[in-house]
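Hi,

Here is the structure I said I would pass on.

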Amino acid sequence: MISKTMESALNKQIELEAYASFLYLSMASWCDKEGLNGCAAFMHRQSDEERQHMLKIYHYISEVNGHGLTPAIAQPPHEFESINKMFEQVYLHEQKVTKSIHSLVELSNKEDDYTTLNFLQWYITEQREEEALMRSILDKIKLIGTGPMSLYYIDNEIQKINKAEMTAEEVEKEA
Ligand code: FEO
């Protein structure tokens with residue numbers, strides 16, 4: 001059993017993960033429109049991942065006898081200034097999610113809620129990995145620069161990262 005305060009904080013996290021899923025879906029659609037198919041595939045996968053992060057919390061809340069609430073989701077933007085700006089926005093959003101997970105950890109400690117503390121460990125690792133991934137993408141984009149073929153190279157690089165992530169997920173599933 002979790003406290004009402006913890007239940008409400010976890011429901012807020014559901015909202016944040018749901019928004020991330022919708023934001024990334026919107027980004028995937030924009031990438032498709034811009035002919036950046038590799039980036040679109042990457043963002044679609046990220047969007048699906050965020051939905052899984054959200055569902056994990058629903059299941060956890062039920063498991064500890066609480067009530068997971070389906071949130072209203074704010075309208076995400078549909079247009080993005082550039083691929084660089086779009087990934088900067090992803091990185092910023094991931095940092096926001098990390099902060100929120102850390103606040104949940106703080107609350108678990110405050111409430112001596114070791115069950116939730118244990119549940120959140122997975123998210124701590126996931127956020128570390130997500131932030132590192134986004135930083136590596138931003139570094140790559142910077143390295144490629146803004147030459148005439150830069151969008152083509154960026155898209156190819158993101159496609160490669162996407163394939164590597166998919167393989168890693170499959171290996172994880174089989175383990
Ligand atoms: Fe579930 Fe990427 O935050």
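What volume does the largest pocket have? About 610 Å³. Before the rest, the ground rules: this is a predicted model, where local features need pLDDT of at least 70, side-chain atom pairs count only at pLDDT 80 or more, and totals for chains, interfaces and linings use all residues. Residues are numbered from 1 along each chain as its sequence is written, and side-chain values use heavy atoms, with hydrogens and water left out.

Back to the pockets. A pocket here is an open set of points on a 1 Å grid over the protein atoms alone, where a 1.4 Å probe fits, with protein on both sides within 12 Å along at least five of seven lines; lining residues have an atom within 4 Å of a point. Volume is the space filled by probe spheres set on the points, which are joined across faces, edges and corners.

The largest pocket has 17 lining residues, with Glu49, Trp122, Glu126, Glu169 and Glu172 nearest its centre. By class, that lining has eleven charged, three polar and three nonpolar residues (charged is Asp, Glu, Lys and Arg; nonpolar is Ala, Val, Leu, Ile, Met, Phe, Trp, Tyr, Cys and Pro; the others, Gly among them, are polar). H2, H4 (114-144) and H5 (150-174) each supply at least two residues of it. Helices are DSSP runs of H or I, at least four residues, numbered from the N terminus.

The second largest pocket holds about 150 Å³. Its lining includes His44, Asp48, Arg51 and Phe22, and the classes come to six nonpolar, four polar and two charged. H2 gives the most, with five residues.

H2 (residues 37-63) also carries Gln46, which is buried (under 20% relative accessible area, 1.4 Å probe, protein chains only) at 0%. Leaving aside residues up to four places away in sequence, Gln46 touches Tyr24, Glu130, Leu133 and Met134 (heavy atoms within 4.5 Å).

On the cysteines: with a disulfide taken as two cysteine sulfur atoms within 2.5 Å, the count is zero. Cys31 is in none, as the nearest cysteine sulfur, in Cys39, is 4.9 Å away. That is too far for a bond. Cys31 is buried at 0%, and Cys39 is buried at 0% too.

Last, H1 (residues 4-33): its 30 residues should span 44 Å at 1.5 Å a residue, and the end C-alpha atoms are 44 Å apart, which agrees (the expected span is 1.5 Å times one less than the number of residues). Just after H1, Gly35 has a positive phi of about 80 degrees.

Cheers

Terms used: Buried < 20%, exposed > 50% of the residue type's maximum accessible area, 1.4 Å probe, protein only.
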